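This report describes a few local features of one protein chain. The sequence and the structure come first, and the text follows.

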Amino acid sequence: MLKYLFLIFLIISTPSWAVDPFEDFHKYGQLSDEEIHDLHKGEMLYGDTEFGFILSKGNTNSTSFKLKGNLYQDFENWRNQFKIDSLYKRDENDETGDSDVTANRVFISAQGNYKVGVKNSSFFIYGDYEEDEFSGLDFKSTIATGYGARVYQGSKNKVDIDIGPGLYRSVADDDSDVSDDEINKTGYLVRVAMQWERLVSKRTRFNQDLSIEQSLSGLNSRLKSETALISQVIGAVSLKFAYMYRYNSKPEDDKLKFDSELSATLVYNF
C-alpha cells in the first residue's frame, strides 16, 4: 500500500502537467497554513467543527447524524491537534415497523508535534481510539511516534507527511465468534499519514487526507482516505463535500474489507 502514497506524491509534485484543472478559478487563497497558525499562536483552542443531519420521512424513514471536530493548540515548541468523528444512523424496518440502529461509530485522535530547527519539520506522537458497533470489535486503538515534514510547498499546494513505528490493539466484541486467544490482539505497525491541501480560490480549498497503517505482526493493515472540497458560504460558515474510504485487510467476522461514506456538511471555523 505504501507505493500508492508515493505515486500520489509523484503526481502532485510533477511540474509537467499540460493543463491545470483548477486554472478557471479566479483568485487563490491569501493566507498560508503557517499564517493561520501564527494568527492563533498561544491560543488554547482553535479550529473547526462540522455538523450534518438528515431526517427522511415517507417511503424511506431514517435519521442520520454526523459530528466532526478538528481542534488545534499552537505554542512555541508544540503544535497539538485533536480530532473527533462520529456517525449515527437509524432506519425503520419495513417488515417489522421497528426503528433499528444501522450505524454507530465514534473515533477520536490526538497528535502532538514538537517543532525542530528545520521549518515545517517535527517529531510527533500520535494516538487514536475507535468504537464501531458494527465492526465486530469492542474497540481498537493505535499509538505511533516518528518524524513529520513538508515534502512539497508551492504557491497553491502543500503536502505534509508523517512516518513512524507504532503499536496496534483491538478487543473483539462479546458476540464475536472467536477463540479466547483472538479476543485481544496486539501488534507492531508502521504508520504513514499524508495531508495535501490545495488552494482553489479565495473561498475554496481542496483537501486530501490519507493514513496507512501497515502491520508488521501479521495482523490487519488499514487505510483511511478522505477527499474533500470546502467552500466558504458566509463568514465563518463553510460547506463541505467529502468522500471517506476505509479499508481493512482482515475484517472481523463476515464484514466487508471496505466501506465508504459520501457527505455534505456545514463547517464552522473559530
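## Contacts of serine 170

Apart from neighbours within four places in sequence, serine 170 has contacts (heavy atoms within 4.5 Å) with Leu137, Phe139, Lys140, Ile183, Asn184 and Lys185. Serine 170 lies in strand S7, residues 157–172; strands (E, at least two residues) are DSSP runs numbered from the N terminus. Its relative accessibility is 1%, so serine 170 counts as buried. Buried means under 20% relative accessible area, exposed means over 50%, and partly exposed is in between, with a 1.4 Å probe and protein chains only.

The model is predicted, and local features need pLDDT of at least 70, side-chain atom pairs count only at pLDDT 80 or more, while totals for chains, interfaces and linings use all residues. Residues are numbered from 1 along each chain as its sequence is written, and side-chain values use heavy atoms, with hydrogens and water left out.

## Aromatic pairs

There are 8 aromatic pairs in the structure. Rings of Phe, Tyr and Trp (its six-membered ring) pair if their centres lie within 6.5 Å; planes under 30 degrees apart count as stacked, over 60 as edge-to-face and the rest as tilted. Tyrosine 46 and tyrosine 72 form a stacked pair, because their ring centres are 5.6 Å apart and their planes are at 25°. This pair links distant parts of the chain, with tyrosine 46 in strand S1 (residues 46–56) and tyrosine 72 in strand S2 (residues 62–74), 26 residues apart. Tyrosine 46 has 3% relative accessibility and therefore counts as buried.

Tryptophan 196 and phenylalanine 206 have ring centres 5.2 Å apart and planes at 70°, so this pair is edge-to-face. Tryptophan 196 belongs to strand S8 (residues 184–199) and phenylalanine 206 to strand S9 (residues 204–215), 10 residues apart. Both residues, tryptophan 196 and phenylalanine 206, are buried.

## Charges over rings

A charge sits over a ring if NZ of Lys or CZ of Arg is within 6 Å of the ring centre and within 35 degrees of the ring normal.

| Charged residue | Ring | Distance from ring centre |
|---|---|---|
| Arginine 222 | Tyrosine 168 | 3.8 Å |
| Lysine 224 | Phenylalanine 107 | 3.6 Å |

## Isoleucine 143

Isoleucine 143 is in strand S6. Is isoleucine 143 buried or partly exposed? With a relative accessible area of 46%, isoleucine 143 is partly exposed.

Definitions and conventions. Helix = DSSP H or I, 4+ residues; strand = E, 2+ residues; numbered from the N terminus.
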